[in-house]
Structures are given as structure tokens and as C-alpha cells.
Amino acid sequence: IMAQLGIGDYYSDQGLYEKGVYYYSKALELAQKINNTYLILYTENCLAGEYQYQGNYAMALREYLKGIEIAKKSGNKERLSVFNENIALLYAKQKDYDEAINYLLISKKLNEIIGDEENSAATWANMASVYADAHQYDYAMFNVNKSIAVFEKYKVMDWLAFAYETKGKTYLRQGKYKWALHWYDQCKMLHEN
């Protein structure tokens, strides 16, 4: 299963999404065959993501929803949070911001139950990005600032860079160009390091 996932990752990284789907599907078959819930959930997420990269949003949503059902049945709140967040990002990509926020709020609640501060911060950062795209700048700024505090505390640099970029985007959309440039520069510095 892990070998099939690795090959799927390789093809995905190459932009060969059809081959990625093929290998993730093979991994999913094997995981189902041995009834390994963790691997089924992990593989469902990979497969859904691959469909999303292809732009096949209907298939991506179908796989994410399958993952939600399996995660609910198995009581895996961490994966349930991930699937909800990924569905949110799928809706955001299609500019359905209200639906995206609904799924992010579910993920936010699950993260609070789990008590994982870093995952909560990732959700806040994603919420901030969606709120900025939806022109709800106060909500965007509130969430991005909460996420930045956590990412700085735990030194989660990749997510911190995303949060800085989101803060820059929020200022840019408001026409506050000096502040937008400042936060984009902060993001750039993190990426260079």
C-alpha cells in the first residue's frame, strides 16, 4: 500500500494526475482488502486530492464525502477534520465561500475537541484566506492573526509563510498596498530561508 501511495505521489508531483489516480486507487483497493481504516482514510484523501488537481471537483467531493463517512464510523476526529477542511478548500476554489466557511467551521470545532493547537491554526489560516476572498476583511484579519501567533510559537514556517501571504492578500484587497507589500515581503523571506 505504501509503495502504491509513493508511486502515486511521484506521478502527482510530476503533474501526471491520471497515473496518480491509478496508483492511489490501487492503494485504496489494497487498504480495503486488509480493512486498515487508517490507510483507507489516508488513501481516500490522496485520491480525492488528485481528482481536485485534475479539476474533477465532482469526483474529489465524492471521495472526500466517502472519507467523512468512514472517519465518522471509525471515530477518527483528526481525519474527519482534514476531510472537512479539504472540502472547504474545494468549495473555495469554486468561489462558493459560504459553503467553504461552513465546512471550515466544522473543522474548527473538531480541532477544538481534539485540542491540537497547530491544526487549529491551520484551519484559522485557511478561514482567513477564504474570508479575504469573500471580502470579509475583519474576519480574515482576526483569524490570520490568531494563526500567526501559534505558527510563530511552534515555529511552523511553511504555514507561517502562508499566513503572512494571507495577511498580505487581505491588505491588498483593501487597497492598503504598503501593508500588503510588508506582509508579502515577510512571506518571501521565510521562503528564501
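## Two helix pairs in a predicted model

Helix α5 (residues 77–93) packs against helix α6 (residues 97–114) at an angle of about 160 degrees, and their axes lie 8 Å apart. The model is predicted.

**Exercise 1.** Which residues of α5 and α6 meet, and how do they divide by class?

*Solution.* 
- Step 1. On the α5 side, the residues include Leu-80, Ile-87, Ala-88 and Tyr-91.
- Step 2. On the α6 side, they include Tyr-103, Leu-104, Leu-110 and Ile-114.
- Step 3. Sort the contact of α5 with α6: 13 nonpolar, 4 polar and 4 charged residues.

**Exercise 2.** Describe the pair α8 and α9 by angle, direction, handedness and contacts.

*Solution.* 
- Step 1. Helix α8 (residues 137–154) and helix α9 (residues 157–173) cross at roughly 155 degrees, with axes that come within 9 Å.
- Step 2. With 145 degrees as the cut-off, α8 and α9 are therefore roughly antiparallel.
- Step 3. The crossing of α8 and α9 is left-handed.
- Step 4. Among the residues that meet are Met-141, Val-144, Ile-148 and Phe-151 in α8, and Trp-159, Leu-160, Tyr-164 and Tyr-171 in α9.
- Step 5. The contact of α8 with α9 has 11 nonpolar, 4 polar and 3 charged residues.

Technical notes: Residues numbered from 1 in each chain as written. Predicted model: local features only at pLDDT ≥ 70, side-chain atom pairs only at ≥ 80, totals over all residues. Heavy atoms only, no water. Axes fitted to C-alpha atoms, helices over the stretch in contact; angles between N-to-C directions. Helix = DSSP H or I, 4+ residues; strand = E, 2+ residues; numbered from the N terminus. Contact = heavy atoms within 4.5 Å. Nonpolar A, V, L, I, M, F, W, Y, C, P; charged D, E, K, R; others polar. Parallel < 35°, antiparallel > 145°, perpendicular 65-115°, else oblique. Left-handed = near helix turned anticlockwise from the far one by under 90°.
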